[in-house]
Amino acid sequence: MDRPLTGEPLAVDVMNTVWLQHDGAHDALATVAGLGEWLIERGLSRRIPTERMRVALVETRAVLRDVVEDEPGAEHRLNQVLARGAISRELRDGQVRQIVTVDPAWAVAWEAADDYLRLRESAADGIRCCEQPACVLYFYDPSGRRRWCSMAGCGNRAKAQRHYAKQRA
């Protein structure tokens with residue numbers, strides 16, 4: 001799968017499973033096979049992709065995008081996703097183990113929603129949409145200085161557009 005802007009935190013990467021390219025819109029989660037590729041790409045290959053998991057991730061992706069865009073009711077919908085699981089910590093044989101207890105189909109979606117909360121705690125406005133109008137990608141920048149998902153792509157396009165506008169004026 002050739003997606004732009006990989007390497008973002010899990011919550012942001014789920015949001016970026018929809019992207020635009022010169023040949024149109026793409027959705028990594030459109031099929032169970034696409035979900036399987038995405039899981040491998042994320043290092044989550046131990047998870048078995050299913051249609052229920054795909055639907056859960058697509059729903060969570062929409063919720064996360066709506067929360068970032070401050071859509072009405074989005075926080076409530078995020079809390080509904082988070083209600084599907086919990087983290088339990090226990091000490092066993094001297095090791096601290098973290099056990100996520102959720103409906104297996106919602107495990108990755110729940111982890112993405114939980115990751116969103118972690119990112120928000122570290123930088124409340126750190127997840128933002130790219131400022132390039134034709135871009136649908138999000139990025140995480142705790143400094144708050146970044147404007148584009150990629151300087152090489154959207155940043156250069158924005159600068160070129162400003163340059164051409166000045167030349168025409």
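Arginine 65 has a polar side-chain atom sitting 3.0 Å from the backbone oxygen of valine 136. Keep in mind that this is a predicted model. The arginine belongs to helix H3, which covers residues 51-68, and the chain around it holds six helices and six strands.

**Arginine 65, a charge without a partner**
- Arginine 65 is buried but makes no salt bridge.
- The nearest side chain of opposite charge is glutamate 69, and that one is 7.0 Å away.
- Setting aside neighbours within four places in sequence, arginine 65 touches Met15, Val18, Val136 and Tyr138.

**Salt bridges**
- Searching the whole structure turns up 12 salt bridges.
- One of them joins the side chains of arginine 3 and aspartate 13, at 2.8 Å from N to O. Arginine 3 comes in the segment before H1 and aspartate 13 is in helix H1, so this pair ties together parts 10 residues apart in sequence.
- Both ends of that pair are tucked away: arginine 3 counts as buried at 7% relative accessibility, and aspartate 13 is buried at 0%.
- Arg3 and Asp13 also belong to a salt-bridge network with Glu41 and Arg42.
- Arginine 61 and aspartate 27 pair up through their side chains, again with a salt bridge of 2.8 Å, N to O. Since arginine 61 is in helix H3 and aspartate 27 in strand E2 (residues 24-27), the pair ties together parts that are 34 residues apart in sequence.
- Here arginine 61 is buried, with a relative accessible area of 7%, while aspartate 27 is partly exposed at 31%.
- Arginine 147 and glutamate 131 form a salt bridge at 2.9 Å, N to O. It links two loops, with arginine 147 between strand E6 (138-140) and helix H6 (151-168) and glutamate 131 between strand E5 (127-129) and E6, 16 residues apart.
- Arginine 147 is partly exposed at 37%, and so is glutamate 131 at 44%.

**Helix H2 and its packing**
- Helix H2 spans residues 32-41, and its buried residues are Gly34, Leu35, Gly36, Trp38 and Leu39.
- Those buried residues pack against helix H1 (10-15), H3 and helix H5 (107-122).
- After H2 comes glycine 43, with a positive phi near 80 degrees.

**Rings**
- No aromatic pairs turn up anywhere in the structure.
- Tryptophan 106 does have a charge over its face: arginine 84, 3.8 Å from the ring centre.

**The chain overall**
- From the N terminus on, the elements go α-β-β-α-α-α-β-β-α-β-β-α.
- Of the 169 residues, 39% are buried.
- Among contacts with a separation of 6 or more, 49% come from residues 24 or more positions apart.

Note on methods. Residues numbered from 1 in each chain as written. Predicted model: local features only at pLDDT ≥ 70, side-chain atom pairs only at ≥ 80, totals over all residues. Heavy atoms only, no water. Phe/Tyr/Trp six-rings, centres within 6.5 Å; stacked < 30°, edge-to-face > 60°. Lys NZ or Arg CZ within 6 Å of the ring centre and 35° of its normal. Helix = DSSP H or I, 4+ residues; strand = E, 2+ residues; numbered from the N terminus. Buried < 20%, exposed > 50% of the residue type's maximum accessible area, 1.4 Å probe, protein only. Lys, Arg positive; Asp, Glu negative; His and termini not counted. Salt bridge = Lys/Arg side-chain N within 4 Å of Asp/Glu carboxyl O. Polar contact = N/O pair within 3.5 Å; in protein donor to acceptor, adjacent residues only side chain to side chain. Contact = heavy atoms within 4.5 Å.
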